[in-house]
Amino acid sequence: MMRSANDKVVDAQNSRLKKRRRLQFADIHCHCLPGLDDGPATMAESFALCRRLANEGIATVVATPHQLGRFEGCNEAARVREAVRSLNESLGNSDIQLKVVPGGEVRVDERICELLETDEILTLADGGRYILLELPHQVFIDIEPLLTELASMGIQSVISHAEKITPLAAQPKVLLRWLEHSAHLQITASSLVGDFGLEVQRAAWHFLTSGRATLVATDSHDINGRRPQMRAAFEHISARLGKDLAHLVCIENPSRVINGQDILPVSLYNQQEADR
Ligand SMILES: [Fe+2]
């Protein structure tokens, strides 16, 4: 039987939809635990955010409540692990398909290595391989000594929402030194799509197109002003820089962080693709 042009259009749409459904993002930076920080205040709000994350296509999320800084003494590792266990238990009794693993967004502090040893702050996915570091947005601090000390413990640093740290743009040489000291830059999905204004959006794309940012995460706090935008960011990156790069920074590298594997550099990944 002859298929009409309309049937073929429908088939193509279905095939695109299937591909979209197959995307399994991993999110290494999210404030989804209830009542711990400036994320959801209640379990109902937490569930709403988790549902949105799952609908975005995120399969695994690292819960990264703020640690140290203005949350000093609030979110110790044991408390975060227990909150994650409790949220996973509740999710298991719901229709939301999402796995939550423990982590933290740790404000830079000279005691970080000591607090890791005493198990008061957390590495990403509790894996002991990567730590998510939060720097001040407006004041420049050279964290090279901290990066070196962490590297001596076998821990690589991920600098959260690099696009929002205004002084970084004026310090390209220092930033390169940090990257040589096993630091990695995470940029925020919603920054790439413009939720925080043009200046932050430009900075996010600059870090991505220059190959310095290797990870995209949602840094979501709610389903409104700070909602997860992973799928929109993936589509924007695919359109501008190609699907391979979008896959690398939104899926492959975040999954590698969660699994304790090496992060692939953007240029190396492209070269490998080109060599195929
Ligand atoms: Fe955050």
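In this predicted model, the charged end of Lys164 sits over the ring of Phe196, at 3.6 Å from the ring's centre.

A search of the whole structure finds two aromatic pairs. One of them joins Phe25 and Phe234 edge-to-face, with 5.4 Å from centre to centre and 70 degrees between the planes. This pair links distant parts of the chain, since Phe25 belongs to strand S1 and Phe234 to helix H9 (residues 230-241), 209 residues apart. Phe25 and Phe234 are both buried. The pair of Phe140 and Trp178 is stacked: the centres are 5.8 Å apart, and the angle between the planes is 5 degrees. Phe140 is found in the loop between strand S6 (130-134) and helix H5 (144-152), while Trp178 is in helix H6, so the pair ties together parts that are 38 residues apart in sequence. Is each of these two residues buried or exposed? Phe140 counts as partly exposed because its relative accessibility is 30%, a value between the limits of 20% and 50%. Trp178, with a relative accessible area of 0%, is buried.

Which protein atoms are its donors? They are NE2 of His29, NE2 of His31, OE of Glu105 and OD of Asp219, lying 2.1 to 2.3 Å from the ion. The angles among the four donor atoms run from 79 to 170 degrees, and the site is irregular. Along the chain, the donors follow the spacing H-x1-H-x73-E-x113-D. His31 lies in the loop between strand S1 (25-30) and helix H2 (43-55), and Glu105 lies in strand S5 (residues 105-107); the pair therefore ties together parts that are 74 residues apart in sequence. His31 is buried, with a relative accessible area of 1%, and Glu105 is buried at 0% relative accessibility.

Three of the residues named as donors, His29, Glu105 and Asp219, are also among the contacts of His161. Beyond its neighbours within four places in sequence, His161 is in contact with Glu134, His137, Gln186 and Thr188 as well. His161 lies in the loop between strand S7 (156-159) and helix H6 (172-180). Its relative accessibility is 3%, so His161 counts as buried. The side chain of His161 also makes a polar contact with the side chain of Ser160, at 3.5 Å.

Technical notes: Residues are numbered from 1 along each chain as its sequence is written. This is a predicted model: local features need pLDDT of at least 70, side-chain atom pairs count only at pLDDT 80 or more; totals for chains, interfaces and linings use all residues. Side-chain values use heavy atoms; hydrogens and water are left out. Helices (H or I, at least four residues) and strands (E, at least two) are DSSP runs, numbered from the N terminus. Buried means under 20% relative accessible area, exposed over 50%, partly exposed in between (1.4 Å probe, protein chains only). A polar contact is a pair of N or O atoms within 3.5 Å; within protein, one must be able to donate a hydrogen and the other to accept it, and residues adjacent in sequence count only if both atoms are side-chain atoms. Contact means heavy atoms within 4.5 Å. Donors are N, O and S atoms within 2.8 Å of the metal (3.2 Å for Na, K and Ca); water is not among the atoms, so sites may look incomplete. Four donors count as tetrahedral if all angles lie between 85 and 135 degrees; four count as square planar and six as octahedral if opposite donors are over 155 degrees apart and all others between 65 and 115; anything else is irregular. Rings of Phe, Tyr and Trp (its six-membered ring) pair if their centres lie within 6.5 Å; planes under 30 degrees apart count as stacked, over 60 as edge-to-face and the rest as tilted. A charge sits over a ring if NZ of Lys or CZ of Arg is within 6 Å of the ring centre and within 35 degrees of the ring normal.
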